[in-house]
Amino acid sequence: MMSLMAGKETRPTSSTTGRTAPRAKTPTAAETTASHGSPATATRAWTTRLVVIGIVLSAVNLRPAITSLGALLEEVRDGLGMSGSAAGLLTSVPPLCFAVFGVTAPRLARRFGPAAVVCAAMAAVTAGLLVRPYAGSTAGFLAGSALALMGIAVSNVLMPVIVKRWFPDRVGSMTGLYSMALAAGTSVAAAVTVPVTDALGGGWQTGLAVWAGLAAAAVLPWVPLVRDRGPAPAAGARAGAGARAERQPPALRITRSRTAWALAVFFGLQATAAYITMGWMAQIFRDAGVSASTAGLLLAVTMVMGVPLAFVIPRVATRLPRQGPIVIALGVCGLAGYAGLYLAPAAGAWAWAVLLGVSNCAFPLALTMVGMRARTAAGVVQLSAFAQSTGYLISIPGPLLVGVLYQHSGGWGLPIALMIGLMIPQMAVGVLAGRDRTVEDEAAATA
């Protein structure tokens with residue numbers, strides 16, 4: 001079986017004559033180790049499995065810090081004495097941290113390796129989630145949240161990079177798996193935070209701190225990979241000069257690409273909608289007369305819609321030359337969901353939760369387009385950092401503005417009107433970002 005696998009690995013280079021042909025060098029080494037039963041092949045397979053496990057567990061932990069807080073926001077506000085504006089500031093902390101810390105991810109990855117950085121990031125998430133409920137003040141709670149969100153920010157940027165590096169021929173399916181795990185973690189945190197809090201005695205501190213255990217589990221798969229800084233096994237055929245060239249910063253002016261800007265704005269507007277939803281939707285339902293536990297379940301429904309769709313949408317997107325039709329379909333669902341929240345928040349609560357859940361799947365679509373709009377891994381690093389950091393910077397005012405409008409208007413009419421208004425430009429820039437072109441070509445054309 002091993003010799004058969006080795007033969008399959010070398011078939012693409014079988015047309016090269018001579019045993020010393022340069023293109024056959026790496027496959028021949030792999031075939032030799034496989035035929036002698038060396039542990040190298042098994043080690044590579046287990047390393048790949050560890051990467052998959054690490055991607056899934058890390059993705060599961062990228063949103064519970066936010067949605068668990070959304071489910072208990074009223075209790076946290078009462079416990080810490082927060083005003084509506086302060087709570088709005090708290091819901092704006094995630095995109096602020098993502099913008100500020102996400103931009104550092106490429107530099108950290110070049111110096112320490114992506115696996116080491118993600119390992120440290122998951123440790124930061126663990127520490128932040130454990131510390132923030134017991135800080136005893138709004139400032140301390142914000143500091144603990146910022147520590148956890150710093151780790152999430154770095155992981156946000158590096159997940160598409162790791163997928164592109166290790167699975168260059170399976171970007172759609174691996175992005176779907178990653179997005180599905182992210183949606184699962186998001187929805188589970190929203191659904192079970194209130195019941196878990198009640199089961200553990202009713203203290204919101206315990207209900208938030210429990211998620212540190214899940215984050216700690218995500219540290220473990222990355223520990224054996226901390227020393228890995230070289231090219232991934234999937235890129236073995238490009239070893240040597242090609243790999244060395246890819247480690248060098250490319251001559252790419254990302255800000256000269258219209259597609260990069262369109263993708264950044266699309267990312268920012270969908271993030272605005274997502275964080276307003278995660279931070280405030282449960283409160284909208286509670287203010288409409290829905291119980292706290294049901295409001296948490298409704299938020300969970302919104303998040304859980306991303307589990308199947310986050311796997312399907314990236315696979316469909318990679319098969320289409322343009323992703324504009326998907327952008328439009330998701331936007332229409334968002335407009336319908338917001339209109340329902342405005343007109344009959346309690347009567348049609350479950351329908352609005354489903355529609356907004358479908359709309360929030362703009363996130364895995366944006367991640368997929370990051371991998372599609374750049375040709376090289378180096379280009380994906382730059383585009384991912386630029387689109388996510390710029391996008392999250394754009395999204396900062398949204399949740400804060402919702403809190404201010406809610407406090408000063410005394411209702412949800414103006415905040416929901418704001419959400420509806422932001423969906424229109426999101427659809428427009430998403431169509432532009434979904435055009436069939438790459439940032440490398442655009443940057444070179446304007447150089």
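Let's start with two helices: the axes of α10 and α15 come within 7 Å and cross at roughly 175 degrees. Here axes are lines fitted to C-alpha atoms, for helices over the stretch in contact, and angles run from 0 to 180 degrees between N-to-C directions. The two helices, α10 and α15, are therefore roughly antiparallel to each other; that label is for angles over 145 degrees. Helices are DSSP runs (H or I, at least four residues), numbered from the N terminus.

A word on the source: this is a predicted model, in which local features need pLDDT of at least 70 and side-chain atom pairs count only at pLDDT 80 or more, while totals for chains, interfaces and linings use all residues. Residues are numbered from 1 along each chain as its sequence is written, and side-chain values use heavy atoms, with hydrogens and water left out.

On the α10 side, the contact with α15 (heavy atoms within 4.5 Å) includes Ala 183, Thr 186 and Ala 190, and on the α15 side it includes Gly 296, Ala 300 and Met 303. By class, this contact has 10 nonpolar, four polar and no charged residues. Ala, Val, Leu, Ile, Met, Phe, Trp, Tyr, Cys and Pro count as nonpolar, Asp, Glu, Lys and Arg as charged, and the others, Gly among them, as polar.

Now to the spaces inside. The structure holds seven cavities of 30 Å³ or more. A cavity is a set of points on a 1 Å grid over the protein atoms alone where a 1.4 Å probe fits but cannot get out, and lining residues have an atom within 4 Å of a point. Grid points are joined across faces, edges and corners, and a volume is the space filled by probe spheres set on the points.

| Cavity | Volume | Lining by class |
|---|---|---|
| Largest | about 230 Å³ | 12 nonpolar, seven polar, one charged |

In the second largest cavity, 15 residues form the lining, and Ile 66, Leu 69, Leu 90, Thr 91 and Pro 94 are the closest to its centre. Two or more lining residues come from each of α4 (64–71), α6 (84–102), α9 (138–166) and α14.

Terms used
On a 1 Å grid over the protein atoms alone, a cavity is a set of points where a 1.4 Å probe fits but cannot get out, and a pocket is an open set with protein on both sides within 12 Å along at least five of seven lines; lining residues have an atom within 4 Å of a point. Angles under 35 degrees count as roughly parallel, over 145 as roughly antiparallel, 65 to 115 as roughly perpendicular and the rest as oblique.
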